[in-house]
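Here is a friendly briefing to read alongside the model. Have the viewer open as you go, and follow the topics in any order you like.

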Amino acid sequence: MPELPEVETIVNDLRPMVEGRSIASVSLIWPRMVLQPSAEEFCRRLPGQTIRKITRLGKYLFFRLTSGEILVLHLRMTGVLMFRRTNSASTAPTPYVTAVFTLDDGSELVFCDKRKFGTASLIENVVEIAYKLGPDALDPGITPASLGRKLSKRKAPIKAVLCDQKFVAGIGNMYADEALFSSRIHPLRPANSLSEEETGRLHRAIREVLKMGIANAGATFSDYRRPGGEKGSQQEYFKAAHRGGQTCYVCSTPIERISVRNRGTYFCPRCQGSPTCSGS
DNA sequence: CCCGGAACCTGAAGGC
DNA sequence: TGCCTTCAGGTTCCGG
């Protein structure tokens, strides 16, 4: 599923091809994906606008337009954003298309989404999205101390807190598991039970796993693709996520899979200690 | 405010 | 083979 590193990869790939281009037309195959304004208004306002800049906040994609408005896309779980060039030789039909943005040079930005959870909006100000999010997970303003202060106010399992976008934006299921493995913290530990040392390790681990994910262009377990169709390679380097039953690279104990808040959660029962006290 | 669970969807995988 | 159930897991909404 697209999390911060996957969305960052999409932004990086799209930038040179899309920034400076204008939107010629919009075709909405699944109108219900548009949250605001109405689907009609959405299709009416976009054509003619130039995409000045593409940015990211958490898992949200922002296309900043000349009118000052911002096209917001969210891929949720199975959304894919494909870029097709003007004379794309690939005649293979793209499945699950929910929207097509045709650009002024004939190239296309194609939103595909198997489960139709992905969304699009047109907003006036990023604050309309940002107010419901915590700081971006790679925001340098997040320090071990500020992380510790925020964790101390939450007693939910640390795994659930890391995935809470109001706490920190951009971390999802896979990278939460990776950050907890890397910092040797059990996913069920109450967030407010972490020691200062553990908080420090977690702070470092979050940045590490996300940056590594970006360096490897994201993780493709099933649906995620880069705009050119390529898979990411980060899945090859995961140490916990999606490794249930396989042996831990550190201690050879089988990686376990449990459910935390209805999320599949992978961890090493030996390296990551117990849910109630810090590991050794 | 905090927490947990349901709903939104549908393809893939597993059981019988 | 084929039907049925379950799983996947980001976000929002709702109830306690």
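Helix 4 (residues 144-151) and helix 7 pack with their axes 9 Å apart, at an angle of about 115 degrees. This is a predicted model, so please read every value below as computed from it.

**Helix 4 against helix 7**

- The crossing of helix 4 and helix 7 is right-handed.
- On the helix 4 side the contact is made by P144, L147, G148 and L151, and on the helix 7 side by E196, T199, G200 and H203.
- Sorted by class, this contact of helix 4 with helix 7 has 3 nonpolar, 4 polar and 1 charged residues.

**Helix 6 against helix 7**

- Helix 6 (residues 173-182) and helix 7 (residues 196-215) have axes that come within 8 Å and cross at roughly 130 degrees.
- That angle makes helix 6 oblique to helix 7.
- Here too you can check the handedness: helix 6 passes helix 7 in a right-handed crossing.
- Helix 6 contributes Y175, E178, A179 and S182 to the contact, while helix 7 contributes L202, A205, I206, E208, V209, L210 and G213.
- By class, the contact of helix 6 with helix 7 has 7 nonpolar, 2 polar and 2 charged residues.

**Helix 1 against helix 7**

- The axes of helix 1 (residues 4-18) and helix 7 come within 8 Å, crossing at roughly 40 degrees.
- Helix 1 and helix 7 make a right-handed crossing.
- From helix 1, L4, P5, E8 and T9 meet L210, G213 and I214 in helix 7.
- The class count for the contact of helix 1 with helix 7 is 4 nonpolar, 2 polar and 1 charged residues.

- An open sheet is formed by 5 strands in the order 2-9-5-4-3, and its pairing is mixed.
- Strand 2 and strand 3 (51-57) are the edge strands, each pairing on one side only.
- From one strand to the next, the twist averages 20 degrees.
- Strand 2 (residues 34-36) and strand 9 (residues 119-123) run parallel and are joined by 2 bridges.
- Within that pair, V34 stands opposite A120 in strand 9.
- Strand 5 (residues 70-74) runs antiparallel to strand 9, with 5 bridges joining them.
- The bridge partner of I70 in strand 9 is I123.
- Strand 3 and strand 4 (residues 60-65) run antiparallel and are joined by 6 bridges.
- For I54, the bridge partner in strand 4 is F63.
- Helix 1 packs on this sheet, where it touches strand 3 and strand 4, and its direction makes about 170 degrees with that of strand 3.

- Strand 1 pairs with strand 7 (residues 97-103) in the antiparallel sense over 5 bridges.
- Along that pairing, S27 stands opposite V100 in strand 7.

**Around the DNA strands**

- Which residues surround DNA strand B? They are R32, K114, R115, K116, F117, K153, R154, K155, A156 and A160.
- By class, the surface near DNA strand B has 3 nonpolar, no polar and 7 charged residues.
- DNA strand C is surrounded by 16 residues, and the closest are M1, K59, G172, N173 and G264.
- The residues of the surface near DNA strand C divide into 4 nonpolar, 7 polar and 5 charged.

Notes: Residues numbered from 1 in each chain as written. Chains lettered and ligands numbered in written order. Predicted model: local features only at pLDDT ≥ 70, side-chain atom pairs only at ≥ 80, totals over all residues. Near = placed C-beta within 6 Å. Nonpolar A, V, L, I, M, F, W, Y, C, P; charged D, E, K, R; others polar. Pairing = 2+ DSSP bridges. Helix = DSSP H or I, 4+ residues; strand = E, 2+ residues; numbered from the N terminus. Axes fitted to C-alpha atoms, helices over the stretch in contact; angles between N-to-C directions. Parallel < 35°, antiparallel > 145°, perpendicular 65-115°, else oblique. Left-handed = near helix turned anticlockwise from the far one by under 90°. Contact = placed C-beta atoms within 7 Å.
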